[in-house]
Structures are given as C-alpha cells and as structure tokens.
Amino acid sequence: MPYDEHLAERLRPIMTGRAGVVEKRMFGGIGYLLQGNMLVGVWREYLVARLGIDEAERALAEPAVRPMDFTGKPMRGWVMVGPEGTGDESRLKSWVDRATRFVSTLPAK
C-alpha cells in the first residue's frame, strides 16, 4: 500500500525551513530527520511520530493514536496517528511539535 500523498503534501510545508530537518524516502513512505534522528513520517495513512517513551504512552490514550507497529513488534516511544488525529493543520503541526520537543534532546547523528 502506498503512503498517503495528501498527508505528505500537508506535512511538507510544516517541515520545510526547519533547521536541521531533512526529508527522506524510507519504510515505504517518507520520513523527516532532525540532526540525523527520525522525527516524523508518513506510512500508509498514518503520521508516525517519535515522542519518547513517556510521551508516547500518554499519547496512546488520545483518539486515533496507536502504537507504531510495522512488523508485529511495537516500537516503544513511537506512535501512529490516524487520519482523525491529523484532520486539520493545527493538529498535524501539534504532533510535529511534540516530536520535535523529544527528538531535539537527542544527540545528533
């Protein structure tokens, strides 16, 4: 299944111009890296966001959020946000901002 190009197009302006952010094709979708660390991406119809373990656990209580699981083994610290959770630009940007808060604490690669 291809990734949601509409979601990718909505995400691109939010990411463009952010210092240290690079767009890259990966895992059958697109991803954005901050200083070499995966930040957010689009896989199928989901926004994937790296939030860190504590924030990801809290986020799982929110509507349209589920553990990130491409392989049958969920990745701790990551979430997948369905279309209902990214329906408008402010919600989409909020997920990017949440991921940025965590990923900006990681050492650059």
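User: What is the relative accessibility of Phe-27, and how does Phe-27 count?

Analyst: Phe-27 has 28% relative accessibility, so it counts as partly exposed. Buried means under 20% relative accessible area, exposed over 50%, and partly exposed in between, with a 1.4 Å probe and protein chains only. This is a predicted model, in which local features need pLDDT of at least 70, side-chain atom pairs count only at pLDDT 80 or more, and totals for chains, interfaces and linings use all residues. Residues are numbered from 1 along each chain as its sequence is written, and side-chain values use heavy atoms, with hydrogens and water left out.

User: Which residue forms an aromatic pair with Phe-27 that is tilted?

Analyst: Phe-70 does, at 5.4 Å centre to centre and 35° between the planes. Rings of Phe, Tyr and Trp (its six-membered ring) pair if their centres lie within 6.5 Å; planes under 30 degrees apart count as stacked, over 60 as edge-to-face and the rest as tilted. Phe-27 is in the loop between E1 and E2, and Phe-70 in the loop between strand E5 (65-68) and strand E6 (75-81), so the pair ties together parts that are 43 residues apart in sequence. Strands (E, at least two residues) and helices (H or I, at least four) are DSSP runs, numbered from the N terminus.

User: How far apart are the ring centres of Trp-43 and Phe-70?

Analyst: Their centres are 4.3 Å apart and their planes at 40°, so this pair is tilted. Trp-43 belongs to strand E3, so its pairing with Phe-70 links parts 27 residues apart in sequence. Trp-43 is buried, at 12% relative accessible area, whereas Phe-70 is partly exposed at 31% relative accessibility.

User: Which residues form one aromatic cluster?

Analyst: Phe-27, Trp-43, Tyr-46 and Phe-70 form it. A search of the whole structure gives three aromatic pairs.

User: Turning to helix H1, which of its residues are buried?

Analyst: In H1 (residues 5-15), the buried residues are Leu-7, Ala-8, Arg-10, Leu-11, Ile-14 and Met-15. They cover an arc of only 165° around the axis, which puts them on the same side of H1; the arc is that of the directions from the helix axis to the C-beta atoms. Glu-5, His-6 and Pro-13, on the other side of H1, are exposed.

User: What covers the buried residues of H1?

Analyst: The cover includes strand E2 (29-34), strand E4 (46-50) and helix H3 (89-103), among others. Contact here means heavy atoms within 4.5 Å.

User: Which residue takes a positive phi just after H1?

Analyst: Gly-17 does, with a phi of about 90°.
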